[in-house]
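Q: Please take a close look at one part of this model and go through its surroundings in a connected way. I would like every term to come with its cut-offs.

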Amino acid sequence: MSGRLVAVSTGRARQVGVRRGRPLMSAIHKAPVEGRVAVGPVGLDGDEQADLRVHGGPDKAVYAYAAEDTAWWEAELGRALGPGAFGENLTVEGLDVTGAVIGERWRVGSTELEVCQPRQPCSKLGIRFGDPLMVRRFAEVARPGAYLRVVVPGELGAGDAIEVVSRPPHDVSIGLVFRAIMHDDALAARAAAAPELPAPLVAWLSARAA
């Protein structure tokens, strides 16, 4: 299977509001960058995450979202969005990101990336879209995008081919894990069986299953 990297986007943390009298910071506002971008173990050169308790780190190093899902949202919302609209680093086309199997690996440029877990919506998404209901809508629609681990650091750029170079034998997908987290406890045990999921998420899903 193969796809294409439409855009590479990065962003710096900035104040997006005030919460409990303190500045509310976020790096959800991403913008496409030109040329080749270096990718290290915890993400793209020039990119930041404001709250490292819930964003960033090796298991959320790079966030990918499908151009086809962005197009769906554009039709749903009645306005243009474009690359980076959901805070993604990689806007991809030709790949079923929701259907990607946890642990499958993508070769992009000189990097190799591993599908790790779905994105969970938070209040920053509502701020980004100017609509607090966007968090609920994102959860209901279940087009979450995928966080990726960096298996082989390197560089990538818009226009690069994306090749799915390996896929585990299980069928636990991004979409299944998202549904287990957001909608259906009955899926929790099945989702937790994917060995490539981060240990804290496996523990949380296992507790839900119990």
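A: In helix α4, the residues Ile174, Gly175, Leu176, Val177, Phe178, Ala180 and Ile181 are buried, where buried means under 20% relative accessible area, exposed over 50% and partly exposed in between, with a 1.4 Å probe and protein chains only. This is a predicted model, in which local features need pLDDT of at least 70 and side-chain atom pairs count only at pLDDT 80 or more, whereas totals for chains, interfaces and linings use all residues. Residues are numbered from 1 along each chain as its sequence is written, and side-chain values use heavy atoms, with hydrogens and water left out.

Helices (H or I, at least four residues) and strands (E, at least two) are DSSP runs numbered from the N terminus. Seven of the nine residues of α4 are buried, so the rest of the structure largely encloses this helix. The buried residues of α4 pack against β10 (111-118), α3, β11 (146-152), α5 (188-192) and α6 (199-209), contact meaning heavy atoms within 4.5 Å.

The next topic is the nonpolar core, defined as a set of buried Ala, Val, Leu, Ile, Met, Phe, Trp, Tyr and Cys residues joined through side-chain atoms within 4.5 Å. The largest such core has 39 residues, among which Leu90, Trp106, Leu148 and Leu205 touch the most other members. Helix α4, covering residues 174-182, gives the most to this core, with five residues. A second, separate core has twelve residues, including Tyr63, Leu81, Ala85 and Phe138.

Of the elements packed against α4, α6 can be described by its geometry: the axes of α4 and α6 come within 10 Å and cross at roughly 55 degrees. Axes here are lines fitted to C-alpha atoms, for helices over the stretch in contact, and angles run from 0 to 180 degrees between N-to-C directions. The two helices α4 and α6 are therefore oblique to each other, since angles under 35 degrees count as roughly parallel, over 145 as roughly antiparallel, 65 to 115 as roughly perpendicular and the rest as oblique. The crossing of α4 and α6 is left-handed, a label used if the near helix is turned anticlockwise from the far one by less than a right angle, with right-handed used if it is clockwise.

On the side of α4 the contact is made by Val177, Ala180 and Ile181, and on the side of α6 by Leu201, Trp204, Leu205 and Arg208. By class, the contact of α4 with α6 has six nonpolar residues, no polar ones and one charged, with Ala, Val, Leu, Ile, Met, Phe, Trp, Tyr, Cys and Pro counted as nonpolar, Asp, Glu, Lys and Arg as charged, and the others, Gly among them, as polar.

Arg208, which lies in helix α6, is partly exposed, with a relative accessible area of 29%. Not counting residues up to four places away in sequence, Arg208 touches Ala180, Ile181, Asp185 and Ala188. Arg208 and Ala180 are 28 residues apart in sequence, and their C-alpha atoms are 9.1 Å apart in space.
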